[in-house]
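This briefing concerns the side-chain interactions of a predicted model.

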Amino acid sequence: QVHVVESGGGLVQAGGSLRLSCAASGRTFSSYVIGWFRQAPGKEREFVAAIDRSGDNTKYLDSVKGRFTISRDNAKNTGYLQMNGLKVDDTAVYYCAAKAGLLLIGTYAYWGQGTQVTVSS
């Protein structure tokens with residue numbers, strides 16, 4: 001089991017950058033795939049990015065490719081989402097999640113409380 005807590009959200013102008021962190025408890029952080037999701041007001045939660053257990057493989061939502069970078073530091077039990085070139089449409093609550101499956105297989109069982117990202121025009 002793993003417990004995750006997000007941080008790093010805030011208010012930023014369009015074109016700006018933020019780095020979200022996902023701090024995980026437990027000694028088996030490296031056993032989990034880490035994913036980032038977001039939910040904008042009035043919209044369903046959507047997948048943003050994921051990184052496999054080793055950090056060698058990633059997957060992104062098409063609209064964030066080239067702007068967002070997911071990474072992890074297993075020694076620090078922390079995952080990251082670097083967001084550059086932010087757009088107003090990126091405004092949402094961002095959630096970190098963890099699963100014990102493979103990058104594209106399995107269900108995310110562990111979720112954080114979310115961190116608000118607001119991009120102003």
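Arginine 67 and aspartate 90 form a salt bridge in this predicted model, with their closest N and O atoms 2.7 Å apart. Because arginine 67 lies in the loop between strand E6 (58–60) and E7, and aspartate 90 in the loop between E8 and E9, the pair ties together parts that are 23 residues apart in sequence. Both arginine 67 and aspartate 90 are buried.

**Salt bridges**

- The structure holds 4 salt bridges.
- Aspartate 90 also meets the side chain of arginine 38 in a salt bridge, at 2.9 Å from N to O.
- Arginine 38 belongs to strand E4 and aspartate 90 to the loop between E8 and E9, so this pair ties together parts that are 52 residues apart in sequence.
- Arginine 38 is buried at a relative accessible area of 6%, and aspartate 90 counts as buried at 2%.
- A network of salt bridges links Arg38, Glu46, Arg67 and Asp90.
- Lysine 65 and aspartate 62 form a salt bridge through their side chains, at 3.0 Å from N to O.
- Lysine 65 counts as partly exposed, with 48% relative accessibility, whereas aspartate 62 is exposed at 61%.

**Aromatic pairs and charges over rings**

- There are 5 aromatic pairs in the structure.
- In one of them, phenylalanine 37 and tyrosine 108 are arranged edge-to-face, with 5.0 Å centre to centre and 80 degrees between the planes.
- Phenylalanine 37 is in strand E4 and tyrosine 108 is in the loop between E9 and strand E10 (110–111), so the pair ties together parts that are 71 residues apart in sequence.
- Phenylalanine 37 is buried, with a relative accessible area of 10%; tyrosine 108 counts as buried at 14%.
- One aromatic cluster is formed by Phe37, Phe47, Tyr108 and Trp111.
- The charged end of arginine 45 sits over the ring of tryptophan 111, 3.8 Å from its centre.
- Arginine 45 also lies over the face of phenylalanine 37, at 6.0 Å from the ring centre.

**Nonpolar cores**

- The largest nonpolar core comprises 28 residues, and those with the most contacts inside it are Trp36, Val48, Phe68, Leu81, Met83 and Tyr94.
- Strands that each supply at least two residues of this core include E3 (18–24), E4 (33–39), E5 (46–51) and E7 (68–73).
- A second, separate core has 6 residues, including Val33, Phe37, Ala50 and Tyr108.
- Beyond its neighbours within four places in sequence, methionine 83 is in contact with several residues, among them Leu18, Leu20, Arg67, Phe68, Tyr94 and Val117.

Note on methods
Residues numbered from 1 in each chain as written. Predicted model: local features only at pLDDT ≥ 70, side-chain atom pairs only at ≥ 80, totals over all residues. Heavy atoms only, no water. Core = buried A, V, L, I, M, F, W, Y, C linked by side-chain atoms within 4.5 Å. Buried < 20%, exposed > 50% of the residue type's maximum accessible area, 1.4 Å probe, protein only. Helix = DSSP H or I, 4+ residues; strand = E, 2+ residues; numbered from the N terminus. Contact = heavy atoms within 4.5 Å. Phe/Tyr/Trp six-rings, centres within 6.5 Å; stacked < 30°, edge-to-face > 60°. Lys NZ or Arg CZ within 6 Å of the ring centre and 35° of its normal.
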